[in-house]
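Please look over the model below before reading on.

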Amino acid sequence: MRFSPDSDSQLAAELTPWLSSLQLTQDLAHVKVAALVSGGVDSSVVVHQLCAAGFKPSLFYIQIGMDQDGFEDCSWEDDIEIVKLMARRYDCPFEIVSLHDEYWDNVVQYTIDTVKKGLTPNPDVMCNKLIKFGCFEQKWGHEFDYIATGHYATTTLVDGVTFLSTAKDAVKDQTDFLAQINFKQVSKLMFPIGHLLKSEVRAIAEREKLPSAHRKDSQGICFLGKVNYNEFIERALGTQPGRIIDRDTGKVLGKHNGYWFHTIGQRKGLGLSGGPWFVVKKDVKRNIILVSRGYDPEDQYGRNIEMHTFDFISSDPWRLQGKASPVEHPDILTEPLAITFKIRHTPEFTKGLLHYDPVIGYRIESEDKIQGIAPGQYGVVYDRDHQLCFGSGMITKGY
């Protein structure tokens, strides 16, 4: 079966932008698709979209729950019941696959190690790179032509090359969480709801009477589920009381339970009066948190974000514009490139320049001063129109 855009105008509006981006020519029923499902409304609509278009997807639920490690989180049981209902309704094969050990070894341990160094981890980025499109692909995904997910993202062909691109819904866009995947991974990905607004996804779920139509969105970090983040960190690293010091006066303002519970730019959870107070620096060796009061653009904000290495997904932006590429010529100082970027999950993009220096590495120079540049997080770079996502680099320094 091939989807006919003339068969149903409403369905055509929902499916055509996504299908057109794939540029498939064969019978869709013969295209082998693995759909990674969670039981939420987004993944349920993904299944509907795939089947409505003419695909016959195989559904996979990746089980990585923390309950096996002494935490109480049984949300996966509800997830699986919903996925089973979807599989029966659309007559799709369904399999539960466990990647718990791989998840702990790769993502959870990365998070613990990063926090212990005094940096700010991004486990969602690592989950996508190493688990959903890494371990899963190696064990099961290699048998399929495509892997479909409920991420709010799209793909775009530029001169025959697949690029990760932003979603229609700027608020829900998740390209920053996908910015560490590689070209092989993005070339195999389908995002059936990336061309839809979240409100449109909810409307489809309600119209089709999907079992997750009114289910709330998950708000937690990917591997924690309903587990409290600070509880997890305390279980892993314990507590170690230390001082909170006003960086400007040197006065001790209070105590904290360990530098690993705090991140640069943090405002809430410090327990200090007379603020607002912001974490501006951490002294890991002495277990000291340095804070500063109020919004001081000169003190708490910066324009430069250093990333010693940078991972381009499809092609580096210099090459796209016909300029000397630092990938091809790492020994030369390249011309700065006009870009937009993010350093945290937010709908807003900031304009800037991407520099490459053989000694320093990659550096983003922002047009505007930005607050809370946290080493360990990722600088995610887009084109000037913030449509194509070029990739990301781990932040090492901000000033």
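What follows covers the source of the values, then salt bridges, then the pocket.

This is a predicted model, in which local features need pLDDT of at least 70, side-chain atom pairs count only at pLDDT 80 or more, and totals for chains, interfaces and linings use all residues. Residues are numbered from 1 along each chain as its sequence is written, and side-chain values use heavy atoms, with hydrogens and water left out.

**Salt bridges**

- The count is 17 salt bridges, each a side-chain nitrogen of Lys or Arg within 4 Å of a carboxyl oxygen of Asp or Glu.
- D79 pairs with R215, with the closest N and O atoms 2.7 Å apart.
- D79 lies in helix α3 and R215 in the loop between α7 and α8, so the pair ties together parts 136 residues apart in sequence. Helices are DSSP runs of H or I with at least four residues, and strands are runs of E with at least two, numbered from the N terminus.
- D79 is buried at 12% relative accessible area, while R215 is partly exposed at 25%; buried means under 20%, exposed over 50% and partly exposed in between, using a 1.4 Å probe and protein chains only.
- E137 forms a salt bridge with K188, the closest N and O atoms being 3.1 Å apart.
- E137 is buried at 14% relative accessibility, and K188 is buried at 15%.
- A network of salt bridges links E14, R89, R207 and E208.

**Second largest pocket**

- The lining of the second largest pocket has 24 residues, with I264, V280, K281, I373 and G398 nearest its centre. A pocket is an open set of points on a 1 Å grid over the protein atoms alone where a 1.4 Å probe fits, with protein on both sides within 12 Å along at least five of seven lines; lining residues have an atom within 4 Å of a point.
- Strand β10 gives the largest share of this lining, five residues.
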